[in-house]
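Let's take a friendly walk through the strands of a protein model. Have the picture open while you read.

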Amino acid sequence: MASKKQKLNYAQRIEYEKNKAEAEKKKHTLNHVVIPLVTIGIVLLTVASVVTYLVLDNRGVFLRQKIAMSTKDFEVNDAMMTYYVQDTYDSYLENFADSLSSDGLDTSTDLASQDKDSDQTWRDFFIQKAEETVHDMLIMAQSAKDSGFELSQSELDSMEDYLDDIDLSKYPKGITLDDIRDAEMIYRLAIAYDEDVFNSFTYSDSEIDAYYNDHALSYNYFDYRFYAFSYSMDSDEDDLTISKEEAEQYAEKLKSSKDEEEFKSHIAEFCRDMAPDITDSQIENELSETYITDSLYIDDDPFSEWVFESGRKVGDIYYEHSEQDQTYVVFYLKSLPQRKEKKTVNVRHILFSVPEEETAYLVLENASKVLTNWELNGKKEEKFAELAQQYSEDNLSAINGGLMENVAYGETTEQFNAWCFDENRKKGDYEIIQTEYGYHMMYYVGEGVEQWRVEVSDDMIENDYLSFYEDKSNEYNVEISETYKNEIKFN
(Lines give C-alpha, C1' and ligand atoms only; values in the text may rest on other atoms or scores of the structure.)
Protein backbone atom coordinates (compact mmCIF):
# COMPACT_ATOMS: atom_id res chain seq x y z
CA MET A 1 0.00 0.00 0.00
CA ALA A 2 1.29 3.42 -0.85
CA SER A 3 2.43 5.63 1.96
CA LYS A 4 0.53 8.72 2.79
CA LYS A 5 3.30 10.87 1.31
CA GLN A 6 3.16 9.08 -1.99
CA LYS A 7 -0.56 8.93 -2.31
CA LEU A 8 -2.11 11.63 -4.44
CA ASN A 9 -5.76 12.32 -4.81
CA TYR A 10 -7.30 12.95 -8.16
CA ALA A 11 -7.23 16.75 -7.91
CA GLN A 12 -3.58 16.74 -6.97
CA ARG A 13 -2.69 14.43 -9.87
CA ILE A 14 -4.47 16.65 -12.36
CA GLU A 15 -2.58 19.68 -11.05
CA TYR A 16 0.69 17.74 -11.16
CA GLU A 17 0.21 16.63 -14.77
CA LYS A 18 -0.80 20.16 -15.74
CA ASN A 19 2.33 21.62 -14.16
CA LYS A 20 4.45 18.92 -15.79
CA ALA A 21 3.00 19.69 -19.23
CA GLU A 22 3.62 23.41 -18.80
CA ALA A 23 7.20 22.71 -17.82
CA GLU A 24 7.77 20.54 -20.89
CA LYS A 25 6.21 23.20 -23.11
CA LYS A 26 8.52 25.89 -21.71
CA LYS A 27 11.49 23.57 -22.14
CA HIS A 28 10.75 22.93 -25.82
CA THR A 29 9.94 26.59 -26.42
CA LEU A 30 13.31 27.60 -24.95
CA ASN A 31 15.12 25.11 -27.14
CA HIS A 32 13.46 26.50 -30.27
CA VAL A 33 14.47 30.01 -29.30
CA VAL A 34 18.07 29.26 -28.33
CA ILE A 35 18.98 27.15 -31.35
CA PRO A 36 17.90 29.72 -34.01
CA LEU A 37 19.65 32.49 -32.06
CA VAL A 38 22.89 30.52 -32.13
CA THR A 39 22.45 29.83 -35.84
CA ILE A 40 21.77 33.49 -36.62
CA GLY A 41 24.81 34.48 -34.58
CA ILE A 42 27.04 32.17 -36.60
CA VAL A 43 25.62 33.51 -39.89
CA LEU A 44 26.10 37.11 -38.78
CA LEU A 45 29.64 36.36 -37.69
CA THR A 46 30.37 34.74 -41.06
CA VAL A 47 28.90 37.67 -43.00
CA ALA A 48 30.89 40.10 -40.88
CA SER A 49 34.06 38.13 -41.57
CA VAL A 50 33.43 38.16 -45.32
CA VAL A 51 32.71 41.87 -45.30
CA THR A 52 35.84 42.53 -43.26
CA TYR A 53 37.90 40.39 -45.63
CA LEU A 54 36.58 42.23 -48.69
CA VAL A 55 37.27 45.59 -47.10
CA LEU A 56 40.82 44.59 -46.22
CA ASP A 57 41.32 43.01 -49.64
CA ASN A 58 40.11 46.14 -51.44
CA ARG A 59 42.53 48.16 -49.35
CA GLY A 60 45.42 45.92 -50.38
CA VAL A 61 46.16 44.85 -46.81
CA PHE A 62 46.80 41.23 -47.76
CA LEU A 63 48.96 42.25 -50.73
CA ARG A 64 51.24 44.23 -48.42
CA GLN A 65 51.61 41.30 -46.04
CA LYS A 66 53.19 39.05 -48.68
CA ILE A 67 56.66 39.51 -50.16
CA ALA A 68 57.04 38.76 -53.86
CA MET A 69 60.75 39.46 -54.31
CA SER A 70 63.53 40.61 -52.02
CA THR A 71 67.23 41.12 -51.36
CA LYS A 72 68.86 41.58 -47.98
CA ASP A 73 67.79 45.24 -47.70
CA PHE A 74 64.87 45.60 -50.11
CA GLU A 75 61.45 44.00 -50.24
CA VAL A 76 58.88 44.14 -53.01
CA ASN A 77 55.50 43.13 -51.62
CA ASP A 78 52.62 41.89 -53.75
CA ALA A 79 51.10 45.38 -53.93
CA MET A 80 54.32 46.86 -55.31
CA MET A 81 54.66 43.92 -57.67
CA THR A 82 51.14 44.51 -58.92
CA TYR A 83 52.15 48.09 -59.72
CA TYR A 84 55.22 46.92 -61.65
CA VAL A 85 53.21 44.35 -63.60
CA GLN A 86 50.47 46.86 -64.43
CA ASP A 87 53.06 49.33 -65.69
CA THR A 88 54.68 46.61 -67.80
CA TYR A 89 51.28 45.86 -69.32
CA ASP A 90 50.43 49.53 -69.91
CA SER A 91 53.81 50.19 -71.53
CA TYR A 92 53.29 47.29 -73.90
CA LEU A 93 49.88 48.60 -74.92
CA GLU A 94 51.35 52.03 -75.57
CA ASN A 95 54.42 50.89 -77.49
CA PHE A 96 52.68 48.23 -79.58
CA ALA A 97 49.27 49.83 -80.02
CA ASP A 98 49.33 49.28 -83.78
CA SER A 99 50.13 45.58 -83.60
CA LEU A 100 48.00 44.32 -80.71
CA SER A 101 45.57 42.58 -83.01
CA SER A 102 48.26 40.88 -85.08
CA ASP A 103 50.03 39.92 -81.86
CA GLY A 104 46.85 38.15 -80.78
CA LEU A 105 46.21 40.29 -77.70
CA ASP A 106 42.59 41.19 -76.90
CA THR A 107 42.50 43.78 -74.12
CA SER A 108 38.79 43.18 -73.54
CA THR A 109 39.32 39.54 -72.60
CA ASP A 110 40.90 37.99 -69.52
CA LEU A 111 44.65 37.74 -70.15
CA ALA A 112 44.82 34.34 -68.46
CA SER A 113 42.51 32.89 -71.09
CA GLN A 114 44.64 34.07 -74.03
CA ASP A 115 47.70 32.18 -75.23
CA LYS A 116 50.61 34.35 -76.32
CA ASP A 117 52.35 31.28 -77.65
CA SER A 118 52.44 27.58 -76.98
CA ASP A 119 54.34 28.07 -73.73
CA GLN A 120 52.51 30.86 -71.90
CA THR A 121 49.44 33.01 -71.65
CA TRP A 122 49.53 36.79 -72.01
CA ARG A 123 49.07 37.07 -68.26
CA ASP A 124 52.12 34.89 -67.67
CA PHE A 125 54.07 36.89 -70.23
CA PHE A 126 53.54 40.27 -68.56
CA ILE A 127 54.23 38.88 -65.10
CA GLN A 128 57.43 37.25 -66.35
CA LYS A 129 58.64 40.48 -68.00
CA ALA A 130 57.93 42.46 -64.85
CA GLU A 131 59.72 39.86 -62.73
CA GLU A 132 62.82 40.04 -64.95
CA THR A 133 62.84 43.84 -64.69
CA VAL A 134 62.35 43.84 -60.91
CA HIS A 135 65.10 41.23 -60.52
CA ASP A 136 67.61 43.49 -62.30
CA MET A 137 66.26 46.50 -60.43
CA LEU A 138 66.80 44.87 -57.03
CA ILE A 139 70.36 43.90 -57.95
CA MET A 140 71.21 47.51 -58.82
CA ALA A 141 69.32 48.98 -55.84
CA GLN A 142 71.15 46.67 -53.43
CA SER A 143 74.46 47.53 -55.04
CA ALA A 144 73.61 51.22 -54.75
CA LYS A 145 72.87 50.90 -51.05
CA ASP A 146 76.05 48.95 -50.35
CA SER A 147 78.12 51.56 -52.19
CA GLY A 148 76.49 54.44 -50.31
CA PHE A 149 74.76 55.83 -53.38
CA GLU A 150 71.57 57.82 -52.74
CA LEU A 151 69.03 59.73 -54.77
CA SER A 152 69.60 63.47 -54.92
CA GLN A 153 67.02 65.88 -53.57
CA SER A 154 66.09 66.94 -57.11
CA GLU A 155 65.51 63.29 -58.01
CA LEU A 156 63.31 62.84 -54.96
CA ASP A 157 61.40 66.00 -55.86
CA SER A 158 60.95 64.70 -59.39
CA MET A 159 59.47 61.49 -57.99
CA GLU A 160 57.00 63.43 -55.86
CA ASP A 161 55.97 65.49 -58.91
CA TYR A 162 55.34 62.22 -60.73
CA LEU A 163 53.27 60.88 -57.83
CA ASP A 164 51.18 64.06 -57.77
CA ASP A 165 49.97 63.22 -61.28
CA ILE A 166 49.26 59.52 -60.61
CA ASP A 167 45.77 58.33 -61.48
CA LEU A 168 45.08 55.49 -59.03
CA SER A 169 42.05 54.36 -61.03
CA LYS A 170 44.35 52.84 -63.65
CA TYR A 171 45.65 50.35 -61.08
CA PRO A 172 43.85 47.38 -59.46
CA LYS A 173 41.93 47.95 -56.22
CA GLY A 174 44.06 48.12 -53.14
CA ILE A 175 47.06 49.81 -54.75
CA THR A 176 47.74 53.05 -52.90
CA LEU A 177 49.98 56.04 -53.47
CA ASP A 178 52.29 54.76 -50.75
CA ASP A 179 52.64 51.44 -52.59
CA ILE A 180 53.60 53.30 -55.76
CA ARG A 181 55.99 55.55 -53.84
CA ASP A 182 57.76 52.51 -52.37
CA ALA A 183 57.97 50.90 -55.81
CA GLU A 184 59.19 54.10 -57.46
CA MET A 185 61.82 54.63 -54.79
CA ILE A 186 63.48 51.30 -55.60
CA TYR A 187 63.07 51.83 -59.35
CA ARG A 188 64.56 55.34 -59.34
CA LEU A 189 67.43 54.38 -57.07
CA ALA A 190 68.31 51.49 -59.40
CA ILE A 191 68.05 53.64 -62.54
CA ALA A 192 70.10 56.51 -61.11
CA TYR A 193 72.80 54.15 -59.86
CA ASP A 194 72.77 52.27 -63.15
CA GLU A 195 73.45 55.52 -65.03
CA ASP A 196 76.15 56.49 -62.55
CA VAL A 197 77.92 53.16 -63.08
CA PHE A 198 77.52 53.40 -66.84
CA ASN A 199 79.03 56.89 -66.92
CA SER A 200 81.93 55.85 -64.72
CA PHE A 201 83.56 53.87 -67.54
CA THR A 202 85.96 56.14 -69.41
CA TYR A 203 88.89 55.30 -71.66
CA SER A 204 91.97 57.02 -73.00
CA ASP A 205 92.64 57.35 -76.72
CA SER A 206 95.35 54.72 -76.46
CA GLU A 207 92.95 52.25 -74.82
CA ILE A 208 90.38 52.87 -77.56
CA ASP A 209 93.06 52.46 -80.24
CA ALA A 210 94.19 49.16 -78.72
CA TYR A 211 90.63 47.81 -78.57
CA TYR A 212 90.01 48.86 -82.16
CA ASN A 213 93.14 47.10 -83.38
CA ASP A 214 91.99 43.89 -81.70
CA HIS A 215 88.49 44.11 -83.19
CA ALA A 216 88.97 46.04 -86.43
CA LEU A 217 86.64 43.82 -88.46
CA SER A 218 83.73 45.00 -86.31
CA TYR A 219 84.22 48.67 -87.20
CA ASN A 220 85.03 48.63 -90.91
CA TYR A 221 82.01 49.18 -93.14
CA PHE A 222 81.57 48.58 -96.85
CA ASP A 223 78.84 49.09 -99.47
CA TYR A 224 77.87 46.79 -102.30
CA ARG A 225 75.23 45.89 -104.84
CA PHE A 226 73.97 42.41 -105.49
CA TYR A 227 71.38 40.51 -107.46
CA ALA A 228 70.11 36.96 -107.09
CA PHE A 229 68.79 34.82 -109.95
CA SER A 230 66.61 32.03 -108.62
CA TYR A 231 65.71 29.11 -110.83
CA SER A 232 63.51 26.03 -110.74
CA MET A 233 64.25 22.48 -111.74
CA ASP A 234 60.53 21.90 -112.30
CA SER A 235 59.57 22.43 -115.94
CA ASP A 236 55.89 22.82 -114.98
CA GLU A 237 56.48 26.09 -113.06
CA ASP A 238 54.85 29.33 -114.30
CA ASP A 239 56.35 31.81 -116.78
CA LEU A 240 57.97 33.89 -114.03
CA THR A 241 60.49 31.16 -113.22
CA ILE A 242 63.62 30.43 -115.19
CA SER A 243 65.68 27.29 -115.68
CA LYS A 244 69.09 26.71 -114.14
CA GLU A 245 70.73 27.29 -117.53
CA GLU A 246 68.93 30.63 -117.98
CA ALA A 247 69.82 31.76 -114.47
CA GLU A 248 73.46 30.94 -115.09
CA GLN A 249 73.47 32.91 -118.35
CA TYR A 250 71.99 36.02 -116.68
CA ALA A 251 74.44 35.70 -113.78
CA GLU A 252 77.42 35.38 -116.13
CA LYS A 253 76.30 38.46 -118.03
CA LEU A 254 75.94 40.46 -114.81
CA LYS A 255 79.33 39.18 -113.69
CA SER A 256 80.94 40.68 -116.80
CA SER A 257 79.89 44.24 -115.87
CA LYS A 258 82.71 46.75 -116.21
CA ASP A 259 81.29 49.31 -113.78
CA GLU A 260 78.32 50.00 -111.53
CA GLU A 261 76.19 51.56 -114.25
CA GLU A 262 76.54 48.50 -116.44
CA PHE A 263 75.77 46.31 -113.43
CA LYS A 264 72.53 48.23 -112.88
CA SER A 265 71.73 48.13 -116.59
CA HIS A 266 71.96 44.33 -116.73
CA ILE A 267 69.63 44.05 -113.74
CA ALA A 268 67.11 46.37 -115.44
CA GLU A 269 67.35 44.26 -118.61
CA PHE A 270 66.56 41.10 -116.68
CA CYS A 271 63.57 42.80 -115.01
CA ARG A 272 62.16 43.75 -118.43
CA ASP A 273 62.69 40.22 -119.74
CA MET A 274 60.72 38.85 -116.83
CA ALA A 275 58.00 41.54 -116.86
CA PRO A 276 57.73 43.42 -120.17
CA ASP A 277 55.15 45.84 -118.74
CA ILE A 278 57.35 46.93 -115.83
CA THR A 279 57.69 50.71 -115.44
CA ASP A 280 60.87 52.73 -115.00
CA SER A 281 59.73 53.63 -111.49
CA GLN A 282 59.33 49.96 -110.60
CA ILE A 283 62.79 49.23 -111.95
CA GLU A 284 64.24 52.02 -109.82
CA ASN A 285 62.57 50.51 -106.79
CA GLU A 286 64.03 47.14 -107.68
CA LEU A 287 67.51 48.65 -108.05
CA SER A 288 67.24 50.42 -104.72
CA GLU A 289 66.72 47.02 -103.09
CA THR A 290 70.03 45.82 -104.55
CA TYR A 291 72.10 48.55 -102.82
CA ILE A 292 73.37 47.64 -99.34
CA THR A 293 75.20 50.21 -97.21
CA ASP A 294 77.22 50.01 -93.98
CA SER A 295 77.68 46.28 -94.15
CA LEU A 296 80.06 44.63 -91.67
CA TYR A 297 82.13 41.50 -91.66
CA ILE A 298 80.15 38.31 -90.91
CA ASP A 299 81.91 35.27 -89.48
CA ASP A 300 82.07 32.21 -91.75
CA ASP A 301 80.61 34.15 -94.67
CA PRO A 302 82.55 33.56 -97.93
CA PHE A 303 81.53 36.95 -99.35
CA SER A 304 82.79 38.78 -96.23
CA GLU A 305 86.05 36.85 -96.39
CA TRP A 306 86.41 37.88 -100.04
CA VAL A 307 85.72 41.58 -99.30
CA PHE A 308 88.44 41.74 -96.64
CA GLU A 309 91.10 39.99 -98.70
CA SER A 310 94.26 41.97 -99.32
CA GLY A 311 94.35 43.77 -102.68
CA ARG A 312 90.57 44.04 -103.01
CA LYS A 313 89.42 47.11 -104.97
CA VAL A 314 86.18 48.97 -105.78
CA GLY A 315 84.42 47.43 -108.77
CA ASP A 316 85.52 43.87 -108.05
CA ILE A 317 82.78 41.29 -108.56
CA TYR A 318 82.05 38.20 -106.50
CA TYR A 319 79.97 35.33 -107.83
CA GLU A 320 78.43 32.36 -106.04
CA HIS A 321 76.06 29.52 -106.81
CA SER A 322 73.97 27.58 -104.30
CA GLU A 323 72.56 24.27 -105.46
CA GLN A 324 70.58 24.00 -102.24
CA ASP A 325 68.91 27.42 -102.67
CA GLN A 326 68.80 27.06 -106.46
CA THR A 327 70.25 30.55 -106.81
CA TYR A 328 73.08 32.39 -108.55
CA VAL A 329 74.17 35.58 -106.76
CA VAL A 330 76.44 38.32 -108.12
CA PHE A 331 77.99 41.01 -105.88
CA TYR A 332 79.51 44.33 -106.97
CA LEU A 333 81.86 45.95 -104.40
CA LYS A 334 80.98 49.65 -104.24
CA SER A 335 83.31 50.72 -101.42
CA LEU A 336 86.22 49.18 -99.55
CA PRO A 337 85.95 48.43 -95.84
CA GLN A 338 86.75 51.50 -93.77
CA ARG A 339 85.99 52.87 -90.33
CA LYS A 340 83.77 55.94 -89.97
CA GLU A 341 86.10 58.91 -89.66
CA LYS A 342 83.41 61.61 -89.85
CA LYS A 343 83.31 63.70 -86.67
CA THR A 344 80.27 63.53 -84.45
CA VAL A 345 78.69 66.71 -83.06
CA ASN A 346 77.68 68.00 -79.63
CA VAL A 347 74.45 69.98 -79.43
CA ARG A 348 71.91 71.14 -76.88
CA HIS A 349 68.21 71.19 -77.62
CA ILE A 350 64.93 72.01 -75.94
CA LEU A 351 62.01 69.95 -77.19
CA PHE A 352 58.53 71.47 -77.30
CA SER A 353 56.30 68.57 -78.29
CA VAL A 354 53.13 69.08 -80.31
CA PRO A 355 50.24 67.04 -78.82
CA GLU A 356 47.85 67.95 -81.65
CA GLU A 357 48.55 69.37 -85.08
CA GLU A 358 45.98 72.12 -84.57
CA THR A 359 47.97 73.50 -81.63
CA ALA A 360 51.32 73.53 -83.43
CA TYR A 361 51.29 77.32 -83.88
CA LEU A 362 50.75 77.80 -80.14
CA VAL A 363 53.69 75.53 -79.36
CA LEU A 364 55.85 77.45 -81.84
CA GLU A 365 54.81 80.74 -80.23
CA ASN A 366 55.86 79.42 -76.84
CA ALA A 367 59.20 78.17 -78.16
CA SER A 368 59.82 81.53 -79.85
CA LYS A 369 59.16 83.41 -76.60
CA VAL A 370 61.64 81.20 -74.74
CA LEU A 371 64.21 81.78 -77.48
CA THR A 372 63.66 85.56 -77.46
CA ASN A 373 64.07 85.76 -73.68
CA TRP A 374 67.28 83.72 -73.95
CA GLU A 375 68.59 86.08 -76.62
CA LEU A 376 67.85 89.08 -74.41
CA ASN A 377 69.83 87.46 -71.59
CA GLY A 378 73.05 87.19 -73.55
CA LYS A 379 72.71 83.96 -75.58
CA LYS A 380 74.86 82.06 -73.09
CA GLU A 381 75.14 78.28 -73.24
CA GLU A 382 74.83 77.98 -69.46
CA LYS A 383 71.49 79.78 -69.54
CA PHE A 384 70.36 77.58 -72.44
CA ALA A 385 71.11 74.53 -70.28
CA GLU A 386 68.98 75.94 -67.47
CA LEU A 387 66.09 76.54 -69.87
CA ALA A 388 66.41 72.95 -71.15
CA GLN A 389 65.99 71.62 -67.62
CA GLN A 390 62.96 73.86 -67.18
CA TYR A 391 61.15 73.46 -70.50
CA SER A 392 62.41 70.48 -72.52
CA GLU A 393 60.09 67.51 -72.91
CA ASP A 394 62.99 65.26 -73.87
CA ASN A 395 63.53 63.87 -70.37
CA LEU A 396 66.70 61.98 -71.23
CA SER A 397 68.64 65.06 -72.31
CA ALA A 398 66.83 67.65 -70.18
CA ILE A 399 68.49 66.40 -67.01
CA ASN A 400 71.85 67.28 -68.61
CA GLY A 401 70.76 70.68 -69.81
CA GLY A 402 69.57 69.35 -73.17
CA LEU A 403 73.07 68.15 -74.03
CA MET A 404 73.46 65.46 -76.68
CA GLU A 405 77.09 64.43 -77.05
CA ASN A 406 78.79 62.69 -79.95
CA VAL A 407 75.72 62.56 -82.17
CA ALA A 408 76.63 60.53 -85.26
CA TYR A 409 75.65 61.43 -88.79
CA GLY A 410 72.35 59.78 -89.73
CA GLU A 411 71.59 58.86 -86.12
CA THR A 412 68.70 61.29 -85.66
CA THR A 413 65.72 62.46 -87.72
CA GLU A 414 66.31 63.93 -91.16
CA GLN A 415 65.67 67.55 -90.11
CA PHE A 416 67.68 67.26 -86.88
CA ASN A 417 70.55 65.61 -88.75
CA ALA A 418 70.56 68.24 -91.52
CA TRP A 419 70.82 71.08 -89.00
CA CYS A 420 73.58 69.43 -86.96
CA PHE A 421 75.75 68.52 -89.94
CA ASP A 422 75.31 71.63 -92.04
CA GLU A 423 78.80 72.27 -93.45
CA ASN A 424 78.54 75.94 -92.42
CA ARG A 425 77.54 75.14 -88.84
CA LYS A 426 79.70 76.83 -86.19
CA LYS A 427 79.88 76.99 -82.39
CA GLY A 428 77.11 79.10 -80.86
CA ASP A 429 74.66 78.75 -83.75
CA TYR A 430 71.04 78.46 -82.65
CA GLU A 431 67.65 78.10 -84.30
CA ILE A 432 64.18 76.60 -83.91
CA ILE A 433 63.58 73.63 -86.19
CA GLN A 434 60.64 71.26 -86.58
CA THR A 435 60.74 67.46 -86.63
CA GLU A 436 58.14 64.74 -86.23
CA TYR A 437 58.56 65.10 -82.46
CA GLY A 438 57.72 68.81 -82.33
CA TYR A 439 59.77 72.01 -82.25
CA HIS A 440 63.40 71.98 -81.16
CA MET A 441 65.27 75.02 -79.89
CA MET A 442 68.79 74.13 -81.05
CA TYR A 443 72.22 75.23 -79.83
CA TYR A 444 75.43 74.04 -81.53
CA VAL A 445 78.18 73.26 -79.02
CA GLY A 446 80.83 71.98 -81.44
CA GLU A 447 82.40 68.89 -82.96
CA GLY A 448 82.73 65.66 -81.07
CA VAL A 449 85.13 62.79 -81.72
CA GLU A 450 85.30 60.53 -84.77
CA GLN A 451 82.32 58.21 -85.07
CA TRP A 452 84.44 55.06 -84.97
CA ARG A 453 85.81 56.13 -81.60
CA VAL A 454 82.27 56.49 -80.26
CA GLU A 455 81.38 53.00 -81.55
CA VAL A 456 84.48 51.43 -79.98
CA SER A 457 83.98 53.29 -76.69
CA ASP A 458 80.31 52.25 -76.56
CA ASP A 459 81.26 48.60 -76.99
CA MET A 460 83.94 48.86 -74.30
CA ILE A 461 81.43 50.43 -71.92
CA GLU A 462 78.86 47.74 -72.67
CA ASN A 463 81.40 44.96 -72.04
CA ASP A 464 82.55 46.48 -68.77
CA TYR A 465 79.00 47.17 -67.64
CA LEU A 466 77.89 43.61 -68.37
CA SER A 467 80.90 42.33 -66.45
CA PHE A 468 80.00 44.61 -63.53
CA TYR A 469 76.39 43.44 -63.55
CA GLU A 470 77.37 39.79 -63.76
CA ASP A 471 79.58 40.21 -60.70
CA LYS A 472 76.75 41.88 -58.77
CA SER A 473 74.28 39.18 -59.83
CA ASN A 474 76.62 36.57 -58.39
CA GLU A 475 77.11 38.62 -55.23
CA TYR A 476 73.46 39.30 -54.43
CA ASN A 477 70.69 36.77 -54.10
CA VAL A 478 67.17 37.77 -55.14
CA GLU A 479 64.55 35.65 -53.43
CA ILE A 480 61.35 35.12 -55.40
CA SER A 481 58.08 33.88 -53.90
CA GLU A 482 56.48 30.87 -55.51
CA THR A 483 52.97 32.17 -54.87
CA TYR A 484 52.97 35.90 -55.62
CA LYS A 485 51.84 35.35 -59.20
CA ASN A 486 48.49 34.09 -57.93
CA GLU A 487 47.82 37.47 -56.30
CA ILE A 488 48.51 39.62 -59.36
CA LYS A 489 45.50 41.37 -60.86
CA PHE A 490 45.25 43.54 -63.96
CA ASN A 491 43.12 46.62 -64.33
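This is a predicted model: local features need pLDDT of at least 70, side-chain atom pairs count only at pLDDT 80 or more; totals for chains, interfaces and linings use all residues.

Residues are numbered from 1 along each chain as its sequence is written, and side-chain values use heavy atoms, with hydrogens and water left out.

Start with the open sheet: four strands sit in the order β4-β3-β6-β5, with antiparallel pairing. Strands here are DSSP runs of E with at least two residues, helices are runs of H or I with at least four, and both are numbered from the N terminus. Two strands pair if DSSP finds at least two bridges between them. At the edges you'll find β4 (291-295) and β5 (317-322), each pairing on one side only. Helix α10 (residues 260-274) packs on this sheet and touches β3 (222-230), β5 and β6; touching, or contact, means heavy atoms within 4.5 Å.

Now look at β10 (residues 438-450). Ten of its 13 residues are buried, so this strand is largely enclosed by the rest of the structure. Buried means under 20% relative accessible area, with a 1.4 Å probe and protein chains only. A hairpin links β9 to β10 through two residues.

| Strands | Bridges | Facing residues |
|---|---|---|
| β5 and β6 (residues 327-333) | six bridges | Tyr 318 and Phe 331 |
| β7 (residues 343-353) and β10 | ten bridges | Val 345 and Glu 447 |
| β9 (residues 430-435) and β10 | six bridges | Thr 435 and Gly 438 |

Technical notes:
Axes are lines fitted to C-alpha atoms, for helices over the stretch in contact, and angles run from 0 to 180 degrees between N-to-C directions. Buried means under 20% relative accessible area, exposed over 50%, partly exposed in between (1.4 Å probe, protein chains only).
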